[in-house]
Amino acid sequence: MTKWVYSFGAGAADGASDMRDLLGGKGANLAEMSNLGLPVPPGFTISTQVCTHYYDNGESYPGELDIQVGEAIAAIEQVAGKRFGSTDDPLLVSVRSGGRASMPGMMDTVLNLGLNDATVAGLAEVSGDKRFAYDSYRRFIQMFSDVVLGVDHHHFEEILELYKEERSLHLDTDLTAEDWEKLIAAYKQRVEEELGRPFPQDVKQQLWGAIGAVFGSWMNQRAITYRRLHDIPASWGTAVNVQAMVFGNMGDDSATGVAFTRNPSTGERALYGEFLVNAQGEDVVAGIRTPQDLTETARIEAGSDKPSLEALMPRTFGEFTAICDKLEQHYRDMQDLEFTVERGTLYMLQTRSGKRTAKAALKIAVDMAEEGLITRDEAVTRIDPASLDQLLHPMIDPDAERKVIGQGLPASPGAAQGEIVFSSDEAERLKAEGRAVILVRVETSPEDIHGMHAAEGILTTRGGMTSHAAVVARGMGKPCVSGAGALRIDYNNAVMRVADRSFTAGDIITIDGSTGQVLDGRVDMLQPELSGDFATIMEWADARRRMGVRANAETPTDARAAREFGAEGIGLSRTEHMFFEGDRINAVREMILADNEAGRRAALAKILPMQRDDFVELFTIMAGLPVTVRLLDPPLHEFLPHEDEEIAAVADALGADADKLAGRVLALKELNPMLGHRGCRLGISYPEIYEMQAQAIFEAAVAAGKATGKPVTPEVMIPLIATRAELDVLKMRVDGVAEQVREETGAELAYQVGTMIELPRAVLRAEEIAETAEFFSFGTNDLTQTCFGISRDDAASFLGDYVEKNLIEADPFVTIDIEGVGELVALGVERGRKSRPDIKLGICGEHGGDPASVRFCESVGLDYVSCSPYRVPIARLAAAQAAIAGETPSTD
């Protein structure tokens, strides 16, 4: 019989931490903590295989599951000394999700399950605290109704707020047991009004309803969105964890909290977190009450007058810190913990590797390596390359004027500015229009995931450092200020008020997630300095990677940024971008309008010194590092005006005939320009264009070499080659220009001529093309277009549907399609090296900065990747991780 259910508790467990694929992260870690002898309330995990069965079989369970769950409940009863459904001393349980990848807040949880009109009396009797019992029951009704029955939580919040208002009560803790009894009756009445049936009293019905809701939540919209954003396959499924309840709301000797063994924002080696006395777990993250600090140091830094856990419960605090140290040493990583204190007894409810900012991840990895807890290789592999984007965003200039309008908690570092929006839907809509927005909410919930993703930053008026907004923002790398309590949000009128000022939707604000400040208007920003722990990790990464990392750059600004970020050369300089600058576009248009070669050459003579100056500056900045220059690629019509008014204006500026210009525009128009007269085809038709560019490149190389004292070896790249014959003809032209420059300057001139491999035919004929080409650069943007037969410019309208329906794993223009485009690249590598074993091989499409694509490039043995300057650190780290993954781990 298949084992579907795995028990844990009382110092033993059926599972262990290496079973996260089967038990999910939460279940595997609960089992591991039990095996370590830590105080874990007993429970059981229903495996992810049940989730798979559930969706593969019309949302039905395996036949043996009912029996196994019953046996597991009996095991909990034996350890806890309580019975499920008993009216004397009832066992209550929590039901939570737990996938193999952490998805905080995305899926459903039910607490206090097992309470009904009869068992609540038994709980009141055995606990000696009637208020606690009825408070727990009302929480259960609210949560179960929302999660399982589909009665939205706002119904119950409305009833509660009205009740408190009528009686001039301010806090939930002001309500008595009798108050909760009256509210429970009102809650149940509202459920019956909404559903036409009473709230369920059968505890087994409650349990199976909650289990079904957790499995169902795997496919809710917020979970689907989260998986899409974090590349989590739907096929993984979720486990369900059922665990005996322990109560942090049984009086002043009870508490509940969350903690990180190191600071998740900065990486500092200090206990970080919050707790509440006489509360349940959801109270800490809901922002309903202001949490208290765990340590005295944190309390003093925060300026709080509420006692810390260290001061309030010193014995419990000592036990907890010892457990924190033990778990961090055991897992060899920073841990995110949940705990409850029930009448002075500490219980551990969860541990997992904590989510952290990129800044914190770097510090934690470097510190742990230097502490000897992990190796340097492990430190390098602990950093998500894509997360480095967080370090590359602007910060507020320290010299800038700050018009502070509010202060909250520094929940996620970095700064952001944009228009105020009050709803996630509006944030997503404006983002689609290219507008930067700040999502302003009282508090966020999992339903806000799409708006948080669309926003530049998040501002909430409620919630602590471990609130939903804070945790999700840190995971996304978004700046966030939470708990800015002085701000008042009026959703109905779309107004944010602070003191005597009002801000409406569309007003510009800036948030500083590093200080918690909210600022009026736009504020000057600075680029971050990449040093310290970042530099250490990059140094360790560079020592381990095999592939080189270059940048795609054609402007001096891009080239300097590339050098700053550690690029080892330029892998793609697009010469056509230079044609659009200043007055040179007019010279380009003169060339296009010319009736003959002589006219074109006359116009090109005007462009030559401009192109030469461009290349001199690039070569000088790169100081002897390799620079690959792609000759003109786009079709000529892109340089011409298209509207009548534009045509008339350009004709006037050029002193040309407007009708002639309009006729030329019409003549150059193509039905499918991406597959038209572009790339090397322009060089075949108009060789004088490529000759001018080659002359500019070679003369610049000579000039820059003399100026810097560092010889320049330019790499001339001819685009869109389909046949060796095309390359032979054009290489002969380039070689001729090089010889001419040598003769005119008397300088030694080393250079290489190669091609972009961006057409399937070029891949198939790579062996013979490599007899002429000295290097290949795989242009995977066009290779993806020509392999799939889809336009990158139009694909966004339907590729999302393909990803959502699991027809493809990812957008192939973002992450390389290994099975199709990847096979073409591998074939091109194999055939190119067959005829020229030492051929230099790189990639210069957008995939060069995508970590998954970089791993693929390592696997096929490319010599380098090239990407945008700001993605160079990402590529460096990804290349190192790919190299480490293919080798025996280092033991340094």
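Tutor: Glu 161 and Lys 164 form a salt bridge, with 3.5 Å between the closest N and O atoms. The term salt bridge here means a side-chain nitrogen of Lys or Arg within 4 Å of a carboxyl oxygen of Asp or Glu. This is a predicted model, in which local features need pLDDT of at least 70 and side-chain atom pairs count only at pLDDT 80 or more, while totals for chains, interfaces and linings use all residues. Residues are numbered from 1 along each chain as its sequence is written, and side-chain values use heavy atoms, with hydrogens and water left out.

Glu 161 and Lys 164 are separated by about one helical turn because they sit three residues apart in helix H6 (residues 154–166). Helices are DSSP runs of H or I with at least four residues, strands are runs of E with at least two, and both are numbered from the N terminus. Buried means under 20% relative accessible area, exposed over 50%, and partly exposed in between (1.4 Å probe, protein chains only).

The pair also belongs to a wider set. Glu 161 and Lys 164 are linked with Arg 131, Asp 135, Arg 138, Arg 139 and Asp 172 in a network of salt bridges. Across the structure there are 58 salt bridges. Side chains of opposite charge can pair when their charged atoms come close.

Two other pairs can be set beside this one. In helix H11 (residues 296–302), Glu 296 and Arg 299 are again three residues apart, about one turn of the helix. Their closest N and O atoms lie 3.0 Å apart in a salt bridge, and Glu 296 is partly exposed at 24% relative accessibility.

The other pair joins two helices. Arg 544 and Asp 377 meet through their side chains in a salt bridge, 2.8 Å from N to O. Arg 544 lies in helix H19 (residues 533–544) and Asp 377 in helix H15 (residues 376–381), so this contact ties together parts that are 167 residues apart in sequence. Asp 377 is buried, at 4% relative accessibility.
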